Amino acid sequence: MEGTKDSNVKRFCSQHILVILGFSSVIAVTALIAVGLSQNKPLPENFKYGIVLDAGSTHTNLYIYKWPAEKKNNTGVVQEVEECKVKGPGVAKYSNKLHALETYLIACMERCKNVVPRSLHPETPVYLGATAGMRLLRMQNEHLAHSVLDEVAKSLSEYSFDFQGARILSGQEEGAYGWITINYLLGKFVEKSKWLGLMAGERQSTFGAMDLGGASTQITFAPESHTAESPDNFINFRLYGKDYSVYTHSFLCYGKDEALQQKLAKDIEVSSNGILKDPCFHLGYAKLVNVSKLYTSPCAKRYEKTLPFDEFQIQGTGNYQQCRQSVLELFNTSYCPYSQCAFNGIFLPPVKGNFGAFSAFYFVMQFLNLTSTKVISQEMMSETMRKYCSRPWQEVRTSFPEVHEKFLSEYCFAGTYILSLLLQGYHFTDSSFKDIEFMREIEGNSAGWTLGYMLNLTNMIPAEQPVTAPLSHSTYVFLMVLFSLILAVALIIGLVVFKNPSYFWKEMV
Ligand SMILES: Nc1ccn([C@@H]2O[C@H](COP(=O)(O)OP(=O)(O)O)[C@@H](O)[C@H]2O)c(=O)n1
Ligand SMILES: [Ca+2]
């Protein structure tokens, strides 16, 4: 009797276990289907394109971007699909031959016609932004600057794309868009997810952005604290539901080419014989410079002086320390109307966090072989410059036959200038210098202001966090596998219990 009662209880219990397991399985499968339906809906491939032309002081570059139409507000979805270098110098150099601008953009615009599907041409926006070269031309002759912009605008409006205008960016915009670009590409605007996205994430620190052009240089970063000093240097953004107070400044005339013009104009002032012994050029290097050409740039104008010769000869002496001294004279640190300054009386809060340094910062560092390691110390760079500047010109020339002579002859100056700008101009220290990453691109996308400009003008960066699917794809896959494993284990246990309940109870007791 006892035995029969016992086995009845066991059978009753095992039936209940089976029912519970059955229920759990049904719930698990339902959850899977529900999550699956909301997460893995296949989306039709529907892309959009955008085109931005960066009309820099030395050259124009065109970028074509592509993104899935349905995800335009997510971060990191825009991909650069093409970069096209326009043949010829920067647009400002065409101010005395406007007619040549008619054909200037043709080759790169033809590229756009091939890359962007024809049916999408009318809805593909085209933006042209001009930077410091055109800012300088506008300072010299506003009418001519307008004529240059009108000419490029005319040539761009002849295409079937949706041309949105050609304009000169302010230095503030150039800095801010560069900052937006790199932080968008590095995914810094979204919270760092925790526990596979199931727990609330934490706000990430942003990267500062430093852009070195030919005519201007920009520094943009989120400082430790916002101060009421110099409000012109601050921009406030609300991006993806978070507020950012960002410092930015563009130093006009402190791009690497205009800085060199300034230096030559400063140093030739004291020469009386038309010879300029220059430590920033290699020993054995010589070059004739036309005095009136040197003074055409408004940047060199401040050193303008009547000289007893029309041209002078640069003779390299190749000495890094002396070059450094000469470059430092470009930064006036003798006055500061704020609590702290960069140079020339411009407010600069203490630099903070990681920085991405791009454009000529990268090109020069790449030539000097200083981009292969992630962390570069200022000692390492000074030592490289000391060695490089002291190499005789003939030896340098034969070592790099593929490099254009103008670029090659100027790397000693350019590297020394970068080091001085970062250390004496922006006050990076031994330790904070190591937080600078010299970058050309981030996952196939060029670091520069163009992407940020397009994201802003196409409203692709929302002020508030868009409502997105509750789980990321990887979390979904993880949960799928987990649920399936639970299901499989549950079914195996169920089968064992059903087939041999007495065995199960024996094990339990
Ligand atoms: N391969 C390259 C391309 C450009 N560059 C330099 O990068 C700078 C680009 O400046 P940019 O034309 O954008 O001028 P901004 O209008 O930005 O001042 C120039 O100084 C070029 O000489 C370089 O060093 N190596
Ligand atoms: Ca530039």
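Is N344 buried, exposed or partly exposed? Keep that question in mind; point 6 answers it.

1. **Ground rules.** This is a predicted model, in which local features need pLDDT of at least 70 and side-chain atom pairs count only at pLDDT 80 or more, while totals for chains, interfaces and linings use all residues. Residues are numbered from 1 along each chain as its sequence is written, and chains are lettered from A and ligands numbered from 1 in the order in which they are written.

2. **The overall picture.** The protein has 18 helices and 18 strands; these are DSSP runs, numbered from the N terminus, with helices being H or I of at least four residues and strands being E of at least two. Of its 509 residues, 36% are buried. Here a residue is buried if 20 or more other C-beta atoms lie within 10 Å of its own, exposed if 12 or fewer, and partly exposed in between, with C-beta atoms placed from the backbone. Two residues are in contact if their C-beta atoms, placed from the backbone, lie within 7 Å. Among contacts between residues at least 6 apart in sequence, 77% join residues at least 24 apart.

3. **Around ligand 1.** A residue is near a molecule or strand if its C-beta atom, placed from the backbone, lies within 6 Å of it. Ligand 1 has 18 residues around it, and G56, T58, G213, G214 and F363 come nearest. The shell divides into four nonpolar, 12 polar and two charged residues. For this count, Ala, Val, Leu, Ile, Met, Phe, Trp, Tyr, Cys and Pro are nonpolar, Asp, Glu, Lys and Arg are charged, and the others, Gly among them, are polar. Helices α4 (132–140), α7 (256–268) and α11 (360–367) each supply at least two residues of the shell. Ligand 1 lies between domain 2 (47–168) and domain 3 (171–468), because both give residues to its shell; the domain bounds come from an automatic or database domain assignment.

4. An unreviewed UniProt entry lists G214, A215, S216, T217 and Q218 under "binding site". UniProt positions are given in the numbering used here, feature names are shortened, and annotations may be inferred rather than shown by experiment.

5. **Two residues of that site.** Leaving aside residues up to four places away in sequence, T217 touches D211, L212, F251, Y254, G255 and L421. With neighbours within four places set aside, the contacts of Q218 include G171, E174, M210, D211 and T248.

6. **Two positive phi angles.** N344 is partly exposed, with 16 other C-beta atoms within 10 Å. N344 sits in the loop between α10 (320–328) and β15 (355–359), and its phi is near 55 degrees, a positive value in a residue other than glycine. H427 is not a glycine either, yet has a positive phi of about 60 degrees. H427 is found in the loop between α14 (405–425) and α15 (430–433).

7. **Strands to trace.** Strands pair if DSSP finds at least two bridges between them. Strand β1 (residues 47–55) pairs with β2 (residues 60–68) in the antiparallel sense over nine bridges, and a hairpin of four residues joins β1 to β2. F47 stands opposite P68 in β2. Six bridges join β2 to β3 (residues 79–85), also running antiparallel.
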